Amino acid sequence: MSSPDQAAHLKYLLRLADTSLILGHRLSEWSGRAPTLEEDIALSNIGLDLIGQARPLYAHAARLEGQGRSEDDLAFLRDPEEYLNLQIVERPNKDFAVTMARQLAYSTFAELAWSALKASRDPEIAGVAAKAEKECTYHVRHSAEWVIRLGDGTAESHARMQAGLDDVWMYTGEMFEVDDIDRAMIAAGIGFDASALKPRWTEAMREVIAEATLKMPGDGWMSTGGRRGVHTEHLGHLLAQMQVLPRAHPGAAW
Amino acid sequence: MYTQALSTERPAPASAVEDPALLARFQARIDAEERIEPMDWMPKAYRQTLIRQISQHAHSEIIGMQPEGNWLTRAPSLKRKLQLLAKIQDEGGHGLYLYSAAETLGVSREELVGQLLSGKAKYSSIFNYPTLSWADIGAIGWLVDGAAIMNQIPLCRCSYGPYARAMILICKEESFHQRQGYEIMMTLAKGTPKQKAMAQDALNRWWWPSVMMFGPSDKDSVHSDQAMRWKIKRFTNDALRQKFVDATVPQAHYLGLTIPDPDLTYDEASKHWITGPIDWDEFWRVVKGEGPCNKQRLETRRKVHDDGAWVREAAEAFAAKRRKAKRAAAA
Ligand SMILES: [Fe+2]
Ligand SMILES: [Fe+2]
């Protein structure tokens, strides 16, 4: 792995894989803790979809890198500053409204992104994209239904849902950024242009938020850097827990 | 599993409170291996026994999500992470399915959950033990799901139709869990010295509680006779326990692990593995609330219930608003 395009390709795969894995991990934190049994099962389903998206991408990245690292080495032995996920997915679950706001914002974006990536010239990405797009359609529907229910439910749920949207909003800008790596991947026919998705995302969010009788948060300052390895305080804690066994037992198989 | 006969009050005999003709016809149907369905006539004690047993089973599935959930965010590979998340999700599904089966007997899920949260209802004591290492996840799948299968396979032929059908689906998934758990143990047993020690330690801690999962010895079990006649139970606690021990001891040997029972012997004549004495004092102590995690498990469940209250209220309020809007539109 030497050409600059291959380096970009590897980072690109890790951005996709890390984002899916970290959100899947966050959703797994709801297991056994959701407001209803049905929702417990639904959140695990979404988590399973997301971790399932990440796994073939890590395997592909490991092969592309050609350094003898495995999918698990990539997931369990990289430090926070080597993780390239969007910041929005590492945000803590807080309450159910915050979790649903995060899910709606991310899944609405991800559905559009995977749809575009179905045309990727990287057949592994295209393969994951075809499956992931369908999964995200369900994730969007599920989270949209909750945002509407909570927004238009009781006074308390309305306030919490608005707070959830306000909480997540400053992490949505990063989703639409395009940097040198993206440009190289777009040029190679591997990647997609995230900036082009913003109007459709905004429209979709506006529709759900209106039906939920909530207010669309304003686009103020946007936090960014996840895809370059600059994270919020939360990712370090998440990885410390997630990676504890492989790091405590170097070389062990599980 | 999870169906250890825990109640200590002896119910009034059915013959004392029911119409003898109806009772005789009911027993004849059972003897003919017919399935009893929700709308059919059934003795009150039959209904009560099933409600207690099915709801205890459902509660056990739900509480059982906690000890395994303790390792979910620390599962050591992507494969294990997916497996464990899916397994715990299955257990939640079992709980849901069993609550529905109990509801066919005329109780509501809310009522049953209320009994769990108040501490009135029991669940399997095995889940009052802590998961201290990753190997415990393997041991639970292998031993606890393994014991559950032994207990539940006969229940696939339980006389009550909805319970029997639930068991068929659940048993398939439990046996999948059992194989997965054994595979985790195998990986650890063949792993580094530390991993092997971890596996042995988990077996040491989970063996006896698993053996006790089948409930008190037949001579101390209150409900067995009537439950057998009604085909809610097909084998005695001790018979099921023996089946489990016979199946599991060779599996432990294959792993190169030692069963923590110095008195364990193989009886050539009967072809059975005979265990040393079981510490029933420990069993009853944990059943009655004094196990390592009884308080923690209930506290967690109550907190989850309380934390989710505003969400459930919102969902109800929303549904009511939509119904009202629909009626207004129709008018
Ligand atoms: Fe189960
Ligand atoms: Fe299970």
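## Cysteines

Let's start with one cysteine: Cys171(B) is buried, since its relative accessible area is 7% and anything under 20% counts as buried. This is a predicted model, and a search through the whole structure turns up zero disulfides over all chains. Cys171(B) is therefore in no disulfide: the nearest cysteine sulfur belongs to Cys156(B) and sits 3.8 Å away, while a disulfide needs the two sulfur atoms within 2.5 Å.

Over in chain A, Cys136(A) has 0% relative accessibility, so Cys136(A) counts as buried too.

## Where the chains meet

Now for the interface. Here 45 residues of chain B are in contact with 49 residues of chain A. Between them, the two chains bury about 4100 Å², and carbon and sulfur atoms give 70% of that area. On the chain B side, Leu78(B), Gln89(B) and Trp310(B) supply 19% of the area that chain B buries against chain A, more than any other three residues.

## Polar links and helices

There's some charge pairing as well: four salt bridges are found across the interface of chain B and chain A. Take Glu38(A), which forms a salt bridge with Arg109(B); their closest N and O atoms are 2.3 Å apart. Across the interface, 13 residue pairs are in polar contact.

Which helix of chain B gives the most to the side that touches chain A? That's H5(B), with 14 residues. Helices H8, H9, H13 and H14 of chain B are also among those that each supply at least two residues to this side. Sorted by type, the residues of the side of chain B touching chain A come to 23 nonpolar, eleven polar and eleven charged.

Notes. Residues numbered from 1 in each chain as written. Chains lettered and ligands numbered in written order. Predicted model: local features only at pLDDT ≥ 70, side-chain atom pairs only at ≥ 80, totals over all residues. Heavy atoms only, no water. Buried < 20%, exposed > 50% of the residue type's maximum accessible area, 1.4 Å probe, protein only. Contact = heavy atoms within 4.5 Å. Buried area = accessible area lost by both parts, 1.4 Å probe. Salt bridge = Lys/Arg side-chain N within 4 Å of Asp/Glu carboxyl O. Polar contact = N/O pair within 3.5 Å; in protein donor to acceptor, adjacent residues only side chain to side chain. Helix = DSSP H or I, 4+ residues; strand = E, 2+ residues; numbered from the N terminus. Nonpolar A, V, L, I, M, F, W, Y, C, P; charged D, E, K, R; others polar.
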